[in-house]
Amino acid sequence: MKKKLYINGQWQETKDYAELFSPYSNEKISEIPKASVSEVEAAIKAAADAQEAMEALTAYERAAILEQLVSLFMEHKEQAAKIIAQESAKPLKFALGEIERTIETYKFAAEEAKRLSGEMIPMDAAKGGSNRLAYTMREPLGVVAAITPFNFPQNLVAHKVGPAIAAGNTVVLKPASQTPLSAFFLARLLDQTDLPKGAFNLVTGSGRTVGDVLVESDKVKMVTFTGSPAVGKGIRDKAGLKKVALELGSNAGMIVDEGVDLDVVVEKAIAGAFSNQGQVCISLQRIYIMDSLMDDFLSRFKTAVGKLTIGDPMDAKTDLSVMISKQEQERAVQWVKESIDEGASLIAGGTVEDDVFQPTILSNVATDSKVSCQEVFAPVVIVNAIQSIEQGINEINNSDFGLQAGIFTNDIKTAFHASKKLQVGGVLINDIPTFRVDQMPYGGVKESGNGKEGLKYAIEEMTEMKLVIWNQS
């Protein structure tokens, strides 16, 4: 039950441990090591010392290591999914889906390792550039510190570890405090591959201890972080000149135009708003629907919510379970109450039954209500009527965030207009903003962060471009 740190290819005990409890059953499920400053520094040193061995690997060898990891995940995917369900209360069917995506993510990383290349530069296009041959190369940065959240404890880790290995970097991983078991499982799998010892290290503990040492270390060349804007800004301010990639969440919005199939929209909206208890960075939080469709949509949406299976995350039939912590659940309940006090109408949910915050629909929500303008990260969605598509675009843009947005419309001009005007990193036409496949460029604007995930794009973030010029005179 007691876990160990993974440093320089060795499992190491530490002095202090924290108890880990199941969010659903409240049972103690493990004891997690709390790394000291010296242990984090040892992990960083191990990664730095392993960098030479990583850079010596060919693209073929790096890809082969990632393919080994893919095979191990395929062999143990049910075990990996059960760990996710146990430590995060993600319903098992969604946990299995996460592992399938994790496998695909590492496959993409293996493929991209073989595609990493530079380009030729036409030097003679400049007056003084004749008789010169030039090209660029992509070189690894070095030690990458990966700080990851609880909501996708394997796949969001894969989006950091996969491209780091593909690019020839070494890694120190700090997982979320509630979901470290998935990270320990990953370490056990990587330990069975041909990855050089020290190229992957796992340290657990408080953000103030582990995170601060990682962010401030001169040996760390890049910090890649997924989490809250407040913590992300703190990382950016402490990181100095090292690279920083930040994915900081959103309050994703969607517009519904007249003439669309509402049954399709409702089905997708249910998945977008309530999968993983709404604890998804691109969870569908705001729906802006043409006024003529409002009543019909709300009726169908409420009926669909009533058909969700709520309960034990280990049950294969469960659609929605408890949130990650009682504190987060209490916060979300309070935000809903505040919105109702401010004039919102409660269509469904809003209460806690059997320790589960019920899937919640609100309408006529004020723009400055927390459930609208902040990231609720809970099974809560607002539905507001609009008089025009332009109004919907303005409502979505009236946000500090800008990760992804969606629009359902049968009008191609409307779709093109929205794709240009929406101030987000990704626009989904006739789909929910919660859609993501793992090779696509993924990242936001404004307080949703900077940099791009998606294997090809993350590898570019995790490498430096070097220019080489041959003078042939």
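About 540 Å³ of space lies in the second largest pocket, a pocket being an open set of points on a 1 Å grid over the protein atoms alone, with protein on both sides within 12 Å along at least five of seven lines. Of the 25 residues that line this second largest pocket, the closest to its centre are Arg101, Phe152, Ser275, Thr434 and Arg436, where a lining residue has an atom within 4 Å of a point. The structure is a predicted model, in which local features need pLDDT of at least 70 and side-chain atom pairs count only at pLDDT 80 or more, whereas totals for chains, interfaces and linings use all residues. Residues are numbered from 1 along each chain as its sequence is written, and side-chain values use heavy atoms, with hydrogens and water left out.

- Helix H4 (92-113), helix H5 (155-167) and helix H9 (262-274) are the elements that give two or more residues to the lining of the second largest pocket; helices (H or I, at least four residues) and strands (E, at least two) are DSSP runs, numbered from the N terminus.
- The lining of the second largest pocket comprises ten nonpolar, seven polar and eight charged residues, with Ala, Val, Leu, Ile, Met, Phe, Trp, Tyr, Cys and Pro counted as nonpolar, Asp, Glu, Lys and Arg as charged, and the others, Gly among them, as polar.
- The largest pocket has a volume of about 790 Å³, a volume being the space filled by probe spheres set on the grid points, which are joined across faces, edges and corners.
- Among the 33 residues lining the largest pocket, Phe225, Thr226, Gly227, Ser228 and Val231 are the closest to its centre.
- At least two residues of the lining of the largest pocket come from each of helix H7 (207-216), strand S10 (220-226), helix H8 (229-238) and helix H11 (326-341), and H8 gives the most, with six residues.
- By class, 16 nonpolar, ten polar and seven charged residues make up the lining of the largest pocket.

**Aromatic rings and charges**

- Eight aromatic pairs are found in a search of the whole structure, where rings of Phe, Tyr and Trp (its six-membered ring) pair if their centres lie within 6.5 Å, and planes under 30 degrees apart count as stacked, over 60 as edge-to-face and the rest as tilted.
- The ring centres of Phe297 and Phe301 are 5.2 Å apart and their planes are at 35°, so this pair is tilted.
- Both Phe297 and Phe301 lie in helix H10 (residues 294-305), four residues apart, about one turn of the helix.
- Phe297 is buried, with a relative accessible area of 0%, and Phe301 is buried with a relative accessible area of 0% (buried means under 20%, exposed over 50%, partly exposed in between, with a 1.4 Å probe and protein chains only).
- Tyr6, Trp11, Phe184 and Phe200 are linked into a cluster by ring pairs.
- Arg331 lies over the face of Trp335, at 4.6 Å from the ring centre, and Arg436 lies over the face of Tyr442, at 3.7 Å from the ring centre; a charge sits over a ring if NZ of Lys or CZ of Arg is within 6 Å of the ring centre and within 35 degrees of the ring normal.

**Strand pairing**

- Strand S5 (residues 120-121) and strand S6 (residues 132-140) pair in the antiparallel sense over two bridges, pairing requiring that DSSP finds at least two bridges between the strands, and Ala134 in S6 is the bridge partner of Ile121.
- S6 also pairs with strand S24 (residues 463-471) in the antiparallel sense, over nine bridges, and the bridge partner of Leu133 in S24 is Trp470.

Technical notes
1 Å grid on protein atoms, 1.4 Å probe; cavity = no way out; pocket = protein on both sides within 12 Å on 5 of 7 lines; lining within 4 Å.
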